[in-house]
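Trainee: Please show me how to read a few features of a model, starting at the surface.

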Amino acid sequence: MTASLLRGAALRLGGQRGWRRSLLAMGAGAASALSTAPFGLWPVLFLTFPLLVLLLDGRPGKGWRAAWGAACDGWWFGFGYFLASLWWIGSAFLVEADVFGWLLPFAVVALPAGLAIFTGFGLALARLLWSNGPTRIFALATGLVAGEWLRGHVLTGFPWNSFGYALAENLALSQTAAFVGLWGLTLIAVPIFASPALLLDPAPPSRRALWPAAAAAVLLCLYGAGMLRLRQEIGNVADVHLRIMQPALPQDRKFAYGERHRILDDYLALSGQPSTAYPRGLDDVTLLIWPESAFPFIYDLEPWAPARIAAALPDNVTLVTGAARSGRPPSGQTSSIFNSIRVIDGDGVVRQSVDKVHLVPFGEYLPFQETLEALGLEQLTRQRGGFAAGTHHVPLDLPGAPSAAPLICYEAIFPHSVIPEGPRPGFLLNVTNDAWFGLTPGPYQHFLQARLRAIEEGLPLVRAANTGISAVVDPLGRIVAALNLGEKGNLDAGLPRGLDTPPPAGRYGATPFAGLYFTTLLLAVLGRRATRTPENTLKS
């Protein structure tokens, strides 16, 4: 009796039409945002993903007509999800509100609307593979993950808050990413979270419970395997002493050229403070790390700056800092300004510079730069002509320390794209300036994504952020030390060792995910062939 009542309620829910259906899908997407950092309430997806199954079950018609309807459901779900989880991007438009404030409502709404297209595509593909059997949760996974993968690659890609990060909120479950990467984690997450919908199928109770029980068993196995993996002990690299300086400088001051002397003096004074770990201050440090765009000037064009740094740094200290630099434009580009990481020795001399390869659209450059600038538009950094992009990732060679894979700002969010060619580096170095987004969920989400790259690659992560979150993370994703968002100070720590052998995701890239994806696709196709596709699954 209870099962019949629940099925009837589910039938009415999935059979909603018009604005009620759109509002239901959008509300489910918005609720799903609670699974993202800093909330981490990932069990909410056990409610919202089954609702997606019900909506697809209740979608009338067949073939492309049903797929188009499913795309609309997916768009509303995605719009709610991205609107609720990415609203904080609007904070960047308030830094110079007199210039960019009028764009805030467009940015806050337009980005979620665009990203939701990929969710809509995913549900359309899922509906084309739909069946009235339990394997339809694999159809949902196949479609949604295809949309998510495309979102991470099309138009330079933006894989922010992919659904797999819900499992990454739990450190034990996040270990799965070492084997299948973010996309594989997403592919595993979707059918697990969607499985409660199968409890409403018109089948004997034992059959209805089989698949959700199997999903729970898989989740428990992943958790158990993760806990076993976390039993590893990770030592430190000998004679490498890190100091990460987090200045917590507000964004409206960070690029103030008139304050350049004061800002550099403040950086040096804060960096030189003694601590419990380093009682002699910088004399005990080997690598001093500053965040992205630390200087409100071009270092090479300010002769006083190298002299001041040379006077403050002991000979044994190497400064690694984010800083804009001027150079020859790469082939096919017109800008000569690069967003870079620079390695500076104790004499103030720049020993190496590596340039950001993956620039932020509308933040560091404009699509159709010259045309839009002629119309009076400019990117948030207000760098005339935009920044030039580096041609390829280059490892950082650091005196007295392992080489590093440099990741500037959101370059850390792209799985399988963080390691330069050549010998394996010793750690990931992420410098960022999350001050654009204030004390919002954005910096927490950014840190979680960078942390998952450490797990995928089996390498420690050293992260320097202007306002936070700065941290040292071991190759299993465990936080060794961290400074909170908005906190000013130094983070002193050793450098954890990387794993001796890269995990499968780090060694084989997306290959394990591809194998898992085609297996899931095969299950969805076989399930569709074995059962008919009704106009409404719950009516069967």
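**Surface patch, helix and strands**

Mentor: L34, F39 and L41 make a nonpolar surface patch of about 270 Å². This is a predicted model, where local features need pLDDT of at least 70 and side-chain atom pairs pLDDT 80 or more, while totals for chains, interfaces and linings use all residues. Residues are numbered from 1 along each chain as its sequence is written, and side-chain values use heavy atoms, without hydrogens and water.

Trainee: Is L41 buried or exposed, or in between?

Mentor: Buried means under 20% relative accessible area, exposed over 50%, and partly exposed in between (1.4 Å probe, protein chains only). L41 has 46% relative accessibility, so it counts as partly exposed. L41 lies in the loop between α2 (18–32) and α3.

Trainee: What span should helix α3 have?

Mentor: The expected span is 1.5 Å times one less than the number of residues. For the 13 residues of α3 (residues 45–57) that gives 18 Å, and the end C-alpha atoms are 18 Å apart, which agrees.

Trainee: How many residues of α3 are buried?

Mentor: 11 of the 13, so α3 is largely enclosed by the rest of the structure. Among them are L45, F49 and D57.

Trainee: Which strands pair with β3, and in which sense?

Mentor: Two strands pair if DSSP finds at least two bridges between them. Strand β2 (residues 287–289) pairs with β3 in the parallel sense over three bridges, and L288 stands opposite L319. Strand β4 (residues 337–344) pairs with β3 in the antiparallel sense over eight bridges; there, R342 is the bridge partner of T321.

Terms used
Helices (H or I, at least four residues) and strands (E, at least two) are DSSP runs, numbered from the N terminus. Patches are made of residues with over 30% relative accessible area and no salt bridge: like charges are joined within 9 Å, nonpolar side chains (Val, Leu, Ile, Met, Phe, Trp, Tyr) within 5 Å. Accessible areas come from the Shrake-Rupley method with a 1.4 Å probe; for residues, only the protein chains shown count as cover. A salt bridge is a side-chain nitrogen of Lys or Arg within 4 Å of a carboxyl oxygen of Asp or Glu.
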